[in-house]
Amino acid sequence: MITARQSRAARALLGWTQETLADKARISLTALKRLESESGLRVYETTCDQVRRAFESNGVIFISLTALKRLESESGLRVYETTCDQVRRAFESNGVIFLNSDQGIGVLLVDEKHRPSP
């Protein structure tokens with residue numbers, strides 16, 4: 001599920017206002033304000049999904065490092081730091097920027113010239 005911080009960060013990367021995102025996600029502005037609030041207000045899962053899809057259709061990709069670590073422990077596979085660096089460099093060479101927070105959550109933004117045509 002998308003978090004308030006992820007939504008605000010992705011909006012900032014795209015230069016969108018809350019009104020723009022609400023329009024693109026086809027949700028009410030009130031619902032978006034609830035989602036982006038830090039006060040723990042309940043938000044429907046469908047609202048979060050619509051917001052995530054609006055971002056993804058405009059080149060933003062959300063990655064949970066916690067999920068990657070869980071996969072690592074459940075599968076017995078080990079993801080080495082050098083492998084992560086190789087993946088990051090491969091993304092960057094194709095116009096993708098990865099931003100990581102102290103919360104272990106990242107956001108990817110695809111450069112306009114590398115985005116696939118609709």
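A salt bridge is a side-chain nitrogen of Lys or Arg within 4 Å of a carboxyl oxygen of Asp or Glu. In the structure shown above, which is a predicted model, a search of the whole structure finds five such salt bridges.

## The chain as a whole

The secondary structure of the protein chain consists of six helices and three strands. Their order along the sequence is α-α-α-α-β-α-α-β-β. The chain has 118 residues, and buried residues make up 29% of them. Its accessible surface comes to about 8000 Å², and carbon and sulfur atoms account for 52% of that area. Contacts can also be sorted by separation in sequence: among those between residues at least 6 apart, 58% join residues at least 24 apart.

In helix α1, the buried residues are A4, Q6, S7, A10 and R11. Viewed down the axis of α1, these residues fall within an arc of 165 degrees, so they line one face of the helix. Just after α1 comes G15, whose phi is positive, about 75 degrees.

Helix α2 spans residues 18-25, and its buried residues are Q18, L21, A22 and A25. Viewed down the axis of α2, they lie within an arc of 100 degrees, so they too line one face of their helix. The cover over the buried residues of α2 includes α1 (4-14), α3 (29-35) and α4 (45-56). After α2 comes R26, which has a positive phi near 60 degrees.

R8 is found in helix α1. Is this residue buried, exposed or partly exposed? Buried means under 20% relative accessible area and exposed means over 50%, with partly exposed in between; R8 has a relative accessibility of 29%, so it counts as partly exposed.

The C-alpha atoms of R8 and Q18 are 8.7 Å apart in space, and the two residues are ten apart in sequence. Which residues does R8 contact when its neighbours within four places in sequence are left aside? They are E36 and E38. In the case of E36, the backbone oxygen lies 2.6 Å from a polar atom of the R8 side chain. In the case of E38, the residue forms a salt bridge with R8, with the closest N and O atoms 2.8 Å apart. E38 lies in the loop between α3 and α4 whereas R8 is in helix α1, so this pair ties together parts that are 30 residues apart in sequence. E38 is exposed, with a relative accessible area of 52%.

## Further salt bridges

E36 also takes part in a salt bridge through its side chain, which meets that of R11 at 2.8 Å, N to O. This pair links distant parts of the chain: E36 is in the loop between α3 and α4, R11 is in helix α1, and they are 25 residues apart. E36 counts as buried, at 6% relative accessibility, and R11 is buried as well, with a relative accessible area of 13%.

A further salt bridge joins D49 and R52, whose closest N and O atoms are 3.7 Å apart. Both residues lie in helix α4, three residues apart, which is about one turn of the helix.

| E38 | R8 | 2.8 Å |

D49 is partly exposed, with a relative accessible area of 25%, and R52 counts as partly exposed at 27% relative accessibility.

In soluble globular proteins, nonpolar side chains tend to be buried together. Here the largest nonpolar core has 15 residues, and those that touch the most other members are I2, L21, L32, V51 and F55. The elements that give two or more residues to this core are α2, α3, α4 and β1 (60-64). The largest share, four residues, comes from α4.

Beyond its neighbours within four places in sequence, F55 is in contact with I2, S7, A10, R11, L14, W16, L21, V60 and F62. Among these contacts, I2 and L21 are also named with F55 as core residues that touch the most other members.

Notes. Residues are numbered from 1 along each chain as its sequence is written. This is a predicted model: local features need pLDDT of at least 70, side-chain atom pairs count only at pLDDT 80 or more; totals for chains, interfaces and linings use all residues. Side-chain values use heavy atoms; hydrogens and water are left out. Buried means under 20% relative accessible area, exposed over 50%, partly exposed in between (1.4 Å probe, protein chains only). The arc is that of the directions from the helix axis to the C-beta atoms. Contact means heavy atoms within 4.5 Å. Accessible areas come from the Shrake-Rupley method with a 1.4 Å probe; for residues, only the protein chains shown count as cover. A polar contact is a pair of N or O atoms within 3.5 Å; within protein, one must be able to donate a hydrogen and the other to accept it, and residues adjacent in sequence count only if both atoms are side-chain atoms. A nonpolar core is a set of buried Ala, Val, Leu, Ile, Met, Phe, Trp, Tyr and Cys residues joined through side-chain atoms within 4.5 Å.
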